[in-house]
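Visitor: Please walk me through this one; I shall ask questions as we go.
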Amino acid sequence: MSKTIDRGTAQGLPEWDRCAVMGVVNVTPDSFSDGGRWFDTTAAVKHGLHLVAEGADLVDVGGESTRPGATRVDEEEELRRVIPVVRGLTAEGVTVSVDTMRATVAARAVEAGAVLVNDVSGGLADPAMVPAVAAAEVPFVVMHWRGFSHNMNSLAVYDDVVGEVLTELRTRMEAVIDGGIAPERIVIDPGLGFAKLAPHDLALVAHLPELRALGRPLLVAASRKRFLGHVLTREGATPPPARERDAATAAVSAIAAHTGAWAVRVHEVRATADAVRVARAVEGAA
C-alpha cells in the first residue's frame, strides 16, 4: 500500500499530495540571483506564468532584495513594483504569495489577490504586519530572522544552530499567535542564508525533521544561496555564480521533499518540480 507523508497545510491554501513548488519572481533591479531580469511588470508577469508552466504550484512575488548587504527600498517604490505583478498573475488564475516585510504592501497585495504573506522577518520588521495579516485572515510565513540584510552576517553566531533556530522560531510563532494570527494559518521557514554561514545552513538542512516537530508546515528556501556555492567550489576556486547552482538547489529540494517539507521556494522550477515528484513516487513505493 502506498503512503504519503503528512506535510500539513496552512488554512486557506490549496492542498497538494506532495511537496509544493513555490516559484520566485523578483521584481527588483538588484536581486542576487537574476540581476533584475524581471524588473518590468510585463516581463515579471510573463515570467510568473512561465514558472507555472514549468511546474510551480504557487508564485512568490517580491519587490525588495534581501541579499546580504542590501539596503531597503521605500514603501512607495515597493508597492509600485509588486502590486501590478500580483494583480496580473492572479488575473491569470495563479496562486500568488507576496514576499514583503511591510504591512501596507502585504495588505495591498492581498487586496490584489495574493493568498499568502511571506515575511522574511516573521513580522519583526514592521510592528503593523501581524495585526494586518490577522485582519486579512490569510496564511503567514514565519521565517527565522535576526536582522536586516545590511548587517545580518554579523549576527550569524551560534553555539547550536539547530537548537537556537528551533527556540527562536517557537518564540516567534507564539508571538504571532498572541498577535491574532490563527495557528492553522502559520507556515515556518528556517531562514537559510539569513544570519547564517554555510555550515549553519547545511546543519539545518540535515535536521529538517526536527524543525517539523514545531507542528506547522515547513517552507525550505535554499535556491541558489551562498552555502550551495561553497558546497560546489573546489579548493582554491571561485564559487559558481547564482544561476549555476540550480542542480544543487534541486538536490536540496529532493532532500526537503523526502523529509516532509510542505514546499520549496526556487528560482528555476523545472528541475525542482521533477525532484519533488520523484521524491513523492519513492515515498509512495515504500
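Visitor: Is A195 buried or exposed?
Guide: A195 is buried, because its relative accessible area is 1%, and buried means under 20%, exposed over 50% and partly exposed in between, with a 1.4 Å probe and protein chains only. This is a predicted model, in which local features need pLDDT of at least 70 and side-chain atom pairs count only at pLDDT 80 or more, while totals for chains, interfaces and linings use all residues. Residues are numbered from 1 along each chain as its sequence is written, and side-chain values use heavy atoms, with hydrogens and water left out.

Visitor: Where does A195 lie?
Guide: A195 lies in the loop between strand 6 (186–189) and helix 6. Helices (H or I, at least four residues) and strands (E, at least two) are DSSP runs, numbered from the N terminus.

Visitor: What is the phi of A195 near?
Guide: The phi of A195 is near 55°, a positive value in a residue other than glycine. Most residues other than glycine have a negative phi.

Visitor: Which residue follows helix 4 with a positive phi?
Guide: That residue is E137, with a phi near 55°. E137 is not a glycine either. Its place is the loop between helix 4 and strand 5 (140–143). E137 counts as exposed because its relative accessibility is 54%.

Visitor: Which residues of helix 4 are buried?
Guide: They are M129, V130, V133 and A134. These residues cover an arc of only 130° around the axis, so they are on the same side of helix 4. The arc is that of the directions from the helix axis to the C-beta atoms.

Visitor: What covers the buried residues of helix 4?
Guide: The cover includes helix 3, strand 4, strand 5 and helix 5. It is judged by contact, which means heavy atoms within 4.5 Å.

Visitor: Helix 3, then. Which of its residues are buried?
Guide: In helix 3 (residues 103–111), the buried residues are A103, V105, A106 and A109. They line one face of helix 3, because they fall within an arc of 165° when seen down its axis. The elements they pack against are helix 2 (75–91), strand 3 (96–99), strand 4 (116–119) and helix 4 (129–136). After helix 3 comes G113, with a positive phi near 125°.

Visitor: Let us change topic. At what angle do helix 1 and helix 2 pack?
Guide: Two packed helices are described by the angle between their axes and the distance between the axes. For helix 1 (residues 41–54) and helix 2 the angle is about 40°, and the axes are 9 Å apart. That makes helix 1 oblique to helix 2. Axes are lines fitted to C-alpha atoms, for helices over the stretch in contact, and angles run from 0 to 180 degrees between N-to-C directions. Angles under 35 degrees count as roughly parallel, over 145 as roughly antiparallel, 65 to 115 as roughly perpendicular and the rest as oblique.

Visitor: Which residues make the contact between helix 1 and helix 2?
Guide: Helix 1 contributes T41, A44, V45, G48 and L49, and helix 2 contributes P84, V85, G88 and L89.

Visitor: And at what angle do helix 5 and helix 6 pack?
Guide: Helix 5 (residues 161–178) and helix 6 (residues 198–206) pack at about 75°, with their axes 9 Å apart. Helix 5 is therefore roughly perpendicular to helix 6. V161, V162 and V165 of helix 5 meet H200, A203 and L204 of helix 6.

Visitor: One last topic: how many aromatic pairs are there?
Guide: There are two aromatic pairs. The pair of W16 and W262 is tilted, because the ring centres are 6.3 Å apart and the planes are at 50°. This pair links distant parts of the chain, 246 residues apart: W16 is in the segment before strand 1 (20–26), and W262 is in the loop between helix 9 (246–258) and strand 8 (263–266). Another aromatic pair, W145 and F148, is edge-to-face, at 5.0 Å centre to centre and 85° between the planes. Under the rule, rings of Phe, Tyr and Trp (its six-membered ring) pair if their centres lie within 6.5 Å; planes under 30 degrees apart count as stacked, over 60 as edge-to-face and the rest as tilted.

Visitor: Is W262 buried or exposed?
Guide: W262 is buried, with a relative accessible area of 3%, whereas W16 is partly exposed at 24%.
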